[in-house]
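Work through the following exercises with the sequence and the structure open beside you, and try each task before you read its solution.

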Amino acid sequence: MIIRKLFKFENAHVVRGCSTFRCRSSIHGHSYKVELLFESNFLDNGQMVYDFGLMKQNMKAIVDSFDHAIALWDADDKEYIKDMQKHSLRWVLLPVSVCRTIFPHLFCDDRQTFATYKQRKWRERC
Ligand SMILES: [Zn+2]
């Protein structure tokens with residue numbers, strides 16, 4: 001059995017090192033969809049593949065931190081980072097240059113490391 005949940009968010013970035021001049025030199029945004037699939041051969045005590053309430057609690061907070069925010073690479077130009085943080089209330093500082101293909105890795109492959117990193121940076125900001 002497979003269950004799925006779709007999350008959507010809007011995010012802006014600059015993709016440093018991208019072969020396309022426009023993408024590596026201009027802030028621009030994208031609409032993203034993150035669809036999580038849970039597969040199990042067994043049902044839990046509530047006769048569910050997975051409790052959506054538990055999943056929504058954790059994933060919604062992570063996805064929401066990116067919504068209507070600018071994603072910044074911590075190795076980018078320090079003055080650029082400082083300016084973006086000064087002029088945008090919502091930003092996320094990441095240890096990687098953000099392109100659309102990196103989000104699945106951020107959300108799934110290394111979610112625990114990323115969440116810890118993000119929370120630390122988020123706290124420093126407040
Ligand atoms: Zn882009």
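**Exercise 1.** Across which strands does helix α2 lie, and at about what angle does it run to β1?

*Solution.* Bear in mind from the start that this is a predicted model. Begin by finding helix α2 at residues 52-66, and then follow it over the strands, where it lies across β1 (2-13), β2, β3 and β4. Next, compare directions: helix α2 runs at about 15° to β1.

**Exercise 2.** Work out the order of the strands in the open sheet, and name its edge strands.

*Solution.* The open sheet has four strands in the order β2-β1-β3-β4, and their pairing is mixed. The edge strands are β2 (28-39) and β4, since each of them pairs on one side only. On average, neighbouring strands of this sheet are turned by 40° against each other, direction ignored.

**Exercise 3.** Describe how β3 is joined to β1 and to β4.

*Solution.* Take β1 first: two bridges join it to β3, and the two strands run parallel, with alanine 12 standing opposite isoleucine 70 in β3. The chain then crosses from β3 through helix α3 (residues 78-87) to β4 in a right-handed β-α-β crossover. β3 and β4 also pair in the parallel sense, over four bridges; isoleucine 70 stands opposite tryptophan 91 in β4, and tryptophan 73 stands opposite leucine 94.

**Exercise 4.** Why is β3 described as largely enclosed by the rest of the structure?

*Solution.* Four of the five residues of β3 are buried, and therefore the strand is largely enclosed. Turn now to the largest nonpolar core, which has ten residues, among them Ile70, Trp73, Trp91 and Leu94; β3 (69-73) and β4 (91-94) each supply at least two residues of this core.

How values were computed
Residues numbered from 1 in each chain as written. Predicted model: local features only at pLDDT ≥ 70, side-chain atom pairs only at ≥ 80, totals over all residues. Core = buried A, V, L, I, M, F, W, Y, C linked by C-beta atoms within 7 Å. Buried ≥ 20, exposed ≤ 12 C-beta atoms within 10 Å, placed from the backbone. Pairing = 2+ DSSP bridges. Axes fitted to C-alpha atoms, helices over the stretch in contact; angles between N-to-C directions. Contact = placed C-beta atoms within 7 Å. Right-handed = clockwise from strand over helix to strand, strands pointing away.
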